[in-house]
Amino acid sequence: MSSIDTAAFRPDTSIAPDGYAPLLPLRVRGLQLGFDGAMVLNGLDLDLGPHGCTAIMGANGAGKSLLLKCLHGLISPDAGQIDWSGQSPTQATRRQAMVFQKPVLLRRSVAANLDFVLKARGKSRHGRDALLDHVGLLHKARHPARRLSGGEAQRLALARALATDPDILFLDEATASLDPAATQAIETLVRDACARGIRVICVTHDAGQAKRIADDIVFLHGGRVSEHTPAKTFFPEPQTQAARDYLNGRIVL
Amino acid sequence: MQNIGEAFSLALALVASGDADLFEIVGLSLQVSLSATVLACLIGLPIGALVAISKFPGRGALLVLMNALMGLPPVVVGLMVYLNFSRSGPLGFLGLLYTPTAMIVAQTILIAPIVAALSRQVLEDLHAEYAEHFRSLCLSRMQTVSALLWDARYSLLTVALAGFGRAVAEVGAVIIVGGNIDHLTRVMTTAIALETSKGDLALALALGLVLLTIALGVNAAVQSLRMSARRQAYV
Amino acid sequence: MTFTRTLGASLTALAFATAAFADDSSIIVQSTTSTANSGLYDYLLPLFQDKSGIQVNVVAVGTGQAIKNAQNCDGDVLLVHAKPAEEKFVAAGFGTDRTDLMYNDFVIVGPEADPAGVGGMHDVQGALTKIADAEALFASRGDDSGTNKKEIALWADTGIDPAAGSGEWYRETGSGMGATLNAGIGMGAYVMTDRATWISFKNKQDYKIQVEGDDDLFNQYGVTPVNPAKCPAVNVDGAKAFSDWLLSDEGQSAIAAYKVSDQQLFFPNAPKN
């Protein structure tokens, strides 16, 4: 994978419709979301600063993905506030991008998948090939996207997310079904994005991955943030019993 | 049944001899039914797509209605079009009755609900797969519809084929609004009906075999398109 | 947008398809089926078209349907075989004038086995009575066509109400002559048909003419141009040219000259001027 000419797909701020008031810091207060009477998120508070990569961790069913979708404006919470420095989640959606665990690729060529996003965002195709090169897929530009391997597909999904020039990049267990090499490729790209100033918020079960890419860890338990500490301290010294149990592989209820 | 063997040899002889009347009738059948299929797609696909991606009160009732309209009897459609296009009807001034145009209109009305209802099902399934990604991209309704239509193109081809099959095989509507006029509005099905009424069952059956062969050809062409698409995982 | 352009192109194409049709050089004849199914038009129309340059488009339906279509102004000439109904059509102002054109006759066909024993009879009332008494199957058009009207009138003369046996021995197909013959032959029923349709009918199987030759079986065809006073869109000149030609010596001898299996199907009887 080559290094990238970031200018090729950085925003042309002169035509940005929303202006570029920063979305961060993020302030979440009293977030509630439930299904059929069972509360998944129950009065969740969260503050995120303007830089770096945050990993959201927690047991299955802790509401990590739901939290991510609420932050991205895909789901409306039952109660509570999400404040992207003055903008609501739905206002902020346009300046964010999300990579899902299972990449949803259009039934088109690899290049056409990127073209679709670029066109939807009113951007020129100018930076497309640089972006494909960046994720190591330039030689597959004409291939059918749905014939890519799992790792390639996820790299394309990531390229597609980057093509929107997001301020925030959400990753929802983006490497959960990938082998170690493919996982490493994605992590490299994510670290690179982070280094270029894109704020990364990811959900992961992979403690190793969190250690490698995250600056801070948000640990969800009981519908709330039970712990929000720098990654450096979270793994050696988890502050809560739930986090200790989780890291030790015990079932946390 | 000596008629069937006779029909086969007659069908072969008709085709082999390059019978001009036969080719005229086949040509008009294809022209009318393909035009109706194109028009029905232009009408039915956007409706199917909009219903597929929309939630609104009464949607369930609309789906029932759309599915019910798939069963429109051709004769009823023919009569509706006849009453409108008759010189004494509201659209009589157009002078469309007993023209191929009237037949196209009737078949379009007949199959547009089929295209709408079947494409709605196809596109709703596809939308379920794409919806979250599209919302993440903040796509407009128009962008969503056009992306779904394009990505489902090979499945929609099968939908169009279902419509074409119904159109090219129906006799009830075209015989009323077309009048089965020789060299003007006679198509395969009305010719078959005519030969049956003349008691020439072998010729009627032979025409039926030709129609079947055409249907096979069209289906085979679409099938091979779909197979090549499947290899690229575009289906 | 491509979509809109495609739609526009399609509609334009439709408009052109229409324009090609709505001109003065063609007429529509609302006709009974027997004249079409027997091949008479295939013989007559090229002769007329070569002479006049007028394209004749025939819509062949039952007489009842043909009259209704003509009342909706969907034809320029009416050519059917139900004199009372045709006269009513003219009296109501839909036709200019009705003229006898030609005749043939009706026959009753039945299976070889002849279950009612009517073979060789020349008395249609007697034959129908025997059929009804034997409750032998009888397939009726039941479609308000000229043949159907005639058949109902013949039953009325016998004093029998066949509708009492409807669905049992009296089977109303609600279809054209050919379809009724196919159905009747399929179920072994007697069928009343015009001779022209029968002679040119190709699915006779073991059927033959059982009853014929009664004056009551006379079948008169008439021609009626549609009245422009009721139907302004009518092609008056074309309609007049066609009906005049049919009634002329040339048209009449052409009708007489048309034969199937060496048999003359229609006998011209237009009034001499």
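## Parallel pairing of β3 and β8 in chain A

In this predicted model, strand β3 (residues 53–57) of chain A runs parallel to strand β8 (residues 216–221) of chain A, and 4 bridges join the two. Helices (H or I, at least four residues) and strands (E, at least two) are DSSP runs numbered from the N terminus, and two strands pair if DSSP finds at least two bridges between them. Within this pair, Ile56(A) is placed opposite Val218(A) of β8(A).

This is a predicted model, in which local features need pLDDT of at least 70 and side-chain atom pairs count only at pLDDT 80 or more, while totals for chains, interfaces and linings use all residues. Residues are numbered from 1 along each chain as its sequence is written, and chains are lettered from A and ligands numbered from 1 in the order in which they are written.

Strands β3 and β8 belong to an open sheet of 6 strands in chain A, with the order β5-β6-β7-β3-β8-β9 and mixed pairing. At its edges stand β5 (96–99) and β9 (224–230) of chain A; each has a single partner strand, so one side of each is left without a neighbour in the sheet. From one strand to the next, the twist averages 20°. Angles run from 0 to 180 degrees between N-to-C directions, and axes are lines fitted to C-alpha atoms, for helices over the stretch in contact.

Helix α5 (residues 150–163) of chain A lies across β5 and β6 (168–172) of chain A and runs at about 175° to β5(A). Helix α6 (residues 180–195) of chain A also packs on the sheet, where it touches β3, β6 and β7 (199–203) of chain A. The direction of α6(A) makes about 145° with that of β7(A).

## Antiparallel strands around β1 of chain A

Strand β1 (residues 26–35) of chain A pairs with β2 (residues 38–48) of chain A in the antiparallel sense over 8 bridges, and Val28(A) has Leu46(A) as its bridge partner in β2(A). The two strands form a hairpin with 2 residues between them, and Asp36(A) in the turn has a positive phi of about 50°.

Strand β1(A) is also joined by 5 bridges to β4 (residues 79–84) of chain A, and these strands run antiparallel. Here Gln81(A) is the bridge partner of Arg29(A).

## Contacts between chains

Of the 2 pairs of chains in contact, chains B and C share the most contacts; two residues are in contact if their C-beta atoms, placed from the backbone, lie within 7 Å. In this pair, 25 residues of chain B contact 29 residues of chain C. Helices α2 (20–53), α5 (100–136) and α9 (188–197) of chain B each supply at least two residues of the side that touches chain C. That side of chain B divides into 12 nonpolar, 9 polar and 4 charged residues. Ala, Val, Leu, Ile, Met, Phe, Trp, Tyr, Cys and Pro count as nonpolar, Asp, Glu, Lys and Arg as charged, and the others, Gly among them, as polar.

Between chains B and A, 15 residues of chain B are in contact with 16 residues of chain A. On this side of chain B, α5 and α6 (141–151) give two or more residues, and α5(B) provides the largest share, 6 residues. Chains A and C do not touch, and their nearest C-alpha atoms are 16 Å apart.

## Domains of chain C

Chain C is divided into domain 1 (10–103 + 219–268) and domain 2 (105–217), with bounds from an automatic or database domain assignment. The domain centres, taken over C-alpha atoms, are separated by 27 Å. Contacts link 19 residues of domain 1 of chain C with 16 residues of domain 2 of chain C.
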